[in-house]
Amino acid sequence: MRCVYKNKHRQVGMEDAVDEKTLFKGFSERLTLGITRVLESLPSVSDVLFVEREPAEKRCILSWEQKNNCILPEDLKDFYFTTDGFTLTWSSKLENKPVPVGCMVINSIAKLRLLVQSNIYSLPSAPTLADLDFKDELEVSEEREEPHFDSRSRIFELDPCGGNGRVCLVYKGCTPDALAEQSEIWFLDRSLYWHFLTSSFTAYYRLMITHLGLPEWQYAFTPYGPSPQAKGLPSRYTW
């Protein structure tokens with residue numbers, strides 16, 4: 001089994017194809033911390049697909065920061081200057097047919113949007129985000145302060161997690177018109193409870209790679225863990 005490298009933008013002539021592929025494979029292995037080679041070596045894995053993206057333009061980064069009144073953390077900014085987003089998927093063989101399993105995603109700078117702009121609720125009678133914050137205030141937090149859905153926090157979606165929750169870049173302790181600089185990575189589960197993941201993007205990125213993008217891997221950092229269907233997956237893809 002080999003990894004397929006998909007280039008979303010660049011077009012080359014046939015005479016440059018071999019060199020282009022070699023350079024891109026080396027780039028992708030560095031960017032993915034070598035996980036593509038690891039996945040290729042697993043006998044039960046097939047159809048490893050890494051999508052190459054062009055670097056984000058500096059003006060796009062500056063525009064995002066100005067629009068959202070937030071400073072991107074340096075490691076995430078460096079990431080976007082290397083690649084404007086990240087997508088790596090892979091499948092597993094089931095009766096000689098590939099079944100999608102792993103998915104690693106980092107939204108592009110254009111899709112790094114405020115969570116409140118997303119369609120979290122689809123029913124008109126559903127509770128509002130303000131209702132959830134009111135409930136949270138009645139509960140005493142024993143550990144670090146959780147994000148809020150109001151102006152006290154600015155929350156941006158890094159990974160939609162295939163509908164199993166959302167990984168978010170969170171700025172806490174915000175005040176109107178004040179520039180937000182300190183951020184953390186949090187996981188918002190399907191029940192809209194918050195779970196702290198990491199203090200930096202780099203640490204989260206390594207977690208994502210280490211867990212191979214398996215379904216519901218973020219639930220390992222919740223008190224209840226992944227679903228029974230997802231819980232047994234890591235043992236099948238040990239490396």
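Student: Which residues does Lys77 touch, not counting residues up to four places away in sequence?

Tutor: In this predicted model, Lys77 touches Ile61, Glu65, Ile71 and Leu72. Contact here means heavy atoms within 4.5 Å. Lys77 itself is found in helix α4, residues 74-82.

Student: Why does Lys77 count as buried?

Tutor: Its relative accessibility is 13%. Buried means under 20%, so Lys77, at 13%, counts as buried.

Student: What is the order of the strands in the open sheet?

Tutor: Four strands form it in the order β5-β6-β7-β8, and the pairing is antiparallel.

Student: What makes β5 and β8 edge strands?

Tutor: Each of them, β5 (154-159) and β8 (194-198), pairs on one side only. From one strand to the next, the twist averages 40°.

Student: Which helix lies across β5, β6, β7 and β8?

Tutor: Helix α6, residues 201-210, lies across these strands and runs at about 95° to β8.

Student: Where in the protein chain is confidence lowest, and where is it highest?

Tutor: The lowest mean, 56, belongs to helix α5 (residues 129-137), and the highest, 98, to strand β6 (residues 166-171). Over residues 11-15 the pLDDT is below 50, and this stretch has two contacts in the model beyond near neighbours in sequence. For the protein chain the mean pLDDT is 83, with 76% of its residues reaching 70 or more.

Terms used:
Residues numbered from 1 in each chain as written. Predicted model: local features only at pLDDT ≥ 70, side-chain atom pairs only at ≥ 80, totals over all residues. Heavy atoms only, no water. Helix = DSSP H or I, 4+ residues; strand = E, 2+ residues; numbered from the N terminus. Buried < 20%, exposed > 50% of the residue type's maximum accessible area, 1.4 Å probe, protein only. pLDDT = per-residue confidence, 0-100. Pairing = 2+ DSSP bridges. Axes fitted to C-alpha atoms, helices over the stretch in contact; angles between N-to-C directions.
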